[in-house]
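User: Hello! I am new to this structure and would like to get to know it step by step. Could you walk me through it?

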Amino acid sequence: MRKIFSAFITAAVCAAAMVSSMNGFSAVSAATSSVYGDLNGDGAVNVLDQIHLKQNVIGVKEEFPVTNWKAAARVPGGDIAAPEAIGRMNDWLLTFGTHEDLSAPMRVQNGIDVSKWQGDVDWEKVKNAGVEFVMIKAGEGTEVEPKFLQNITGAKNAGIQCGIYWFSSARDVESVAAEVEACISTIKPYQLEFPVVYDFEYRCFYDLENDPMTKDRKLCTDIIYAFLDGMRNAGYYSMLYSNKNFPVLYLEKKRLTDEFDFWYANYSKSLTEPDEVCGIWQRSCTGRIDGIGYDVDLDISYVDYKTIMETYHLNGY
């Protein structure tokens, strides 16, 4: 299925972008592409056409319509096991529920991601600045992030949709189980509208030149897969975080993106849209939002994650 999709959009890019201001977000602009065209008939060529392609065109060609595995994921012992259904859900960036009419444009959402480095956040001001979702650092290794409780409580109270990310310190697959356990213990009290993300990146290596992990793509990929799969099996919607170059240099990327959604970081000022297929695009690390006294990462979501969590009873729903 993925091969068919790749053939359609090898040269394509995700579309729709945000331009930030000092106090919030501006309107979305749509880009055009000659690769896949206006598939959903809304008069614009953008990321919605890719979603339409994944849901309708590929689903029909594979004789595996969306409705079959939507039902299977809800029914134990269905035609397709729930983990596989969730994997396909991640892979296809599904939208459904309140967005059953695939000919209607889906509105993207504006978001940020925060950790202790953003200090004390005034979440009401952040909400009023136009932030609709936040990805909150919940922990690293087996330790809880110092500002996690404060941030998730404040964001929830302000009515902002929440997801979390967990930073890796694992050096082998065996140690990932402890990180999964720590993450589950930390986030279990909360319903999360957005994914649970594993952040494995340059800082995970001791030395970019001499650390043997930098030469072992399989090991790095196995570590990431173990976390994402562990969280998925525990009933959470798993997501990989990375940038453009890291997977090329250090990972077996396809093993991960074949099964899990992708939060993509690219801050290039020349980009007005992501140049990778992704569920969330982290487009800046120097945004300024009212209610936060420091630079903050700015994100755009192209997926109705809340409906996914509610429909499949994931992330505490």
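This is a predicted model: local features need pLDDT of at least 70, side-chain atom pairs count only at pLDDT 80 or more; totals for chains, interfaces and linings use all residues.

User: Which residues does glutamate 145 touch, and how many Å is a polar atom of its side chain from the backbone nitrogen of lysine 116?

Analyst: Not counting residues up to four places away in sequence, glutamate 145 touches Ser115, Lys116, Lys137, Ala138 and Gly139. As for lysine 116, its backbone nitrogen and a polar atom of the glutamate 145 side chain are separated by 2.7 Å.

User: How many helices and strands are there in the protein, and what share of its residues counts as buried?

Analyst: The protein has 11 helices and nine strands. Its residues number 317, and the share that counts as buried is 55%.

User: Why does the distance between the end C-alpha atoms of helix 7 agree with its number of residues?

Analyst: Helix 7 covers residues 176-187, which is 12 residues. At 1.5 Å a residue, helix 7 should span 16 Å. The span agrees because the end C-alpha atoms are 17 Å apart.

User: Which residues of helix 7 are buried, and where do they fall around its axis?

Analyst: The buried residues of helix 7 are Val176, Glu179, Val180, Ala182, Cys183, Thr186 and Ile187. Seen down the axis, they fall within an arc of 165°, so they line one face of the helix.

User: What covers the buried residues of helix 7, and which exposed residues are on the face turned away?

Analyst: The cover includes strand 2 (133-140), strand 3, helix 6, strand 4 (161-167), strand 5 (196-199) and helix 8 (217-233). On the face turned away from the buried side, the exposed residues are Ala177, Glu181 and Ser185.

User: Is cysteine 204 buried or exposed?

Analyst: Cysteine 204 lies in the loop between strand 5 and helix 8. Its relative accessibility is 7%, and the cut-off for burial is under 20%. Cysteine 204 therefore counts as buried.

User: Which residues is cysteine 204 in contact with, and how many Å separate its C-alpha atom from that of alanine 170?

Analyst: Leaving aside neighbours within four places in sequence, cysteine 204 is in contact with Phe167, Ser168, Arg171 and Asp199. Cysteine 204 and alanine 170 are 34 residues apart along the chain, and their C-alpha atoms are separated by 7.8 Å.

How values were computed
Residues are numbered from 1 along each chain as its sequence is written. Side-chain values use heavy atoms; hydrogens and water are left out. A polar contact is a pair of N or O atoms within 3.5 Å; within protein, one must be able to donate a hydrogen and the other to accept it, and residues adjacent in sequence count only if both atoms are side-chain atoms. Contact means heavy atoms within 4.5 Å. Helices (H or I, at least four residues) and strands (E, at least two) are DSSP runs, numbered from the N terminus. Buried means under 20% relative accessible area, exposed over 50%, partly exposed in between (1.4 Å probe, protein chains only). The expected span of a helix is 1.5 Å times one less than its number of residues. The arc is that of the directions from the helix axis to the C-beta atoms.
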